Amino acid sequence: MEVAAAKRSPALPKPAEQIRADFPLLAREINGKPLVYLDSGATSQKPASVIEAIDSYYRHSNANIHRAVYDLGEESTALYEGAKQRVADFIGGKFEETIFTRNVTEAINLVRYTWARQNVGVGDVVLITKMEHHSNIVPWQLLCEEQGAKLDYLTVDDEGKLSLDELDTKLAGGRVKLVGVTHVSNVLGTINPAA
């Protein structure tokens with residue numbers, strides 16, 4: 001076991017077995033085998049800490065945020081804003097620019113209907129990859145059609161990797177206004193170098 005632990009990626013804080021144990025649903029067996037859940041692009045499983053936090057919130061603090069001046073409403077607002085600040089700090093962002101959405105599809109559409117409609121126009125380019133999920137293609141197709149912009153794609157090589165040289169070339173053209181790239185492709189399993 002020591003050799004396996006030494007070879008473990010430094011990006012994983014604990015072994016896969018321990019991470020798996022954090023997710024109660026993955027303790028199930030189906031057809032006599034441990035559950036392996038591969039549809040997280042549509043619905044992600046929740047770790048026990050998230051389930052417990054949600055349960056605690058609904059049992060003890062559930063109230064309207066930003067609308068109530070009674071104690072429970074103020075407590076709920078403080079919890080919400082505290083979580084938002086922690087996320088902003090974690091991603092290196094600003095509190096006022098950090099927005100919670102229900103899922104990535106909603107977030108992509110929010111960008112499309114707000115920022116992109118104001119900032120992408122005729123002759124501009126929206127750049128995505130050929131490994132994107134449908135939810136990161138259709139909004140940009142519709143935006144480009146509405147705004148007179150062009151949708152362009154980064155190619156994927158035979159190993160499922162993107163060319164950073166091609167990215168540099170396309171960005172150097174000066175017309176790219178938005179880049180939409182998955183970090184981990186649920187189509188190919190590729191982990192893109194987001195940094």
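## Aromatic pairs

Rings of Phe, Tyr and Trp (its six-membered ring) form a pair if their centres lie within 6.5 Å; planes under 30 degrees apart count as stacked, over 60 as edge-to-face and the rest as tilted. The structure discussed here is a predicted model, in which local features need pLDDT of at least 70 and side-chain atom pairs count only at pLDDT 80 or more, while totals for chains, interfaces and linings use all residues. Residues are numbered from 1 along each chain as its sequence is written, and side-chain values use heavy atoms, with hydrogens and water left out.

A search of the whole structure finds two aromatic pairs. The ring centres of Tyr57 and Tyr58 are 5.6 Å apart and their planes are at 70°, so this pair is edge-to-face. Tyr80 and Phe100 are also edge-to-face, because their centres are 5.5 Å apart and their planes stand at 80°. Tyr80 lies in helix α4 and Phe100 in the loop between α4 and α5, so the pair ties together parts 20 residues apart in sequence. Helices (H or I, at least four residues) and strands (E, at least two) are DSSP runs, numbered from the N terminus.

## Charges over rings

A charge sits over a ring if NZ of Lys or CZ of Arg is within 6 Å of the ring centre and within 35 degrees of the ring normal. Lys84 lies over the face of Phe95, at 4.5 Å from the ring centre. Arg112 is placed over the face of Tyr113, at 4.4 Å from the ring centre.

## Salt bridges

Ten salt bridges are found in the whole structure; each is a side-chain nitrogen of Lys or Arg within 4 Å of a carboxyl oxygen of Asp or Glu. In one of them, the closest N and O atoms of Arg59 and Asp55 are 2.8 Å apart. These two residues are four apart in helix α3 (residues 48-60), which means that about one helical turn separates them. Arg59 is exposed, at 61% relative accessible area, and Asp55 is partly exposed, at 34%. Here buried means under 20% relative accessible area, exposed over 50%, and partly exposed in between (1.4 Å probe, protein chains only).

Glu146 and Arg117 form a salt bridge at 3.5 Å, N to O. This pair links helix α6, which holds Glu146, to helix α5, which holds Arg117, across 29 residues. Lys177 and Asp124 form another, at 3.9 Å. Lys177 is in strand β5 (residues 176-180) and Asp124 in the loop between α5 and β3, 53 residues apart. Asp124 is buried, at 6%, whereas Lys177 is partly exposed, at 40%. Through shared partners, salt bridges join Arg112, Arg117 and Glu146 into one network.

## Nonpolar cores

In soluble globular proteins, nonpolar side chains tend to be buried together. A nonpolar core is a set of buried Ala, Val, Leu, Ile, Met, Phe, Trp, Tyr and Cys residues joined through side-chain atoms within 4.5 Å. The largest core has twelve residues, including Ile108, Val126, Trp140 and Ala149. Two or more of its residues come from each of α5, β3 (125-129) and α6 (138-147). The largest share, three residues, comes from α6. A second, separate core of six residues includes Val125, Leu127, Met131 and Val176.

## Thr98

Thr98 is in the loop between α4 (71-91) and α5 (104-119). Thr98 counts as buried, at 7% relative accessibility. Leaving aside neighbours within four places in sequence, Thr98 is in contact (heavy atoms within 4.5 Å) with Lys84, Val87 and Ala88. A polar atom of its side chain lies 2.8 Å from the backbone oxygen of Lys94.

Note on methods. A polar contact is a pair of N or O atoms within 3.5 Å; within protein, one must be able to donate a hydrogen and the other to accept it, and residues adjacent in sequence count only if both atoms are side-chain atoms.
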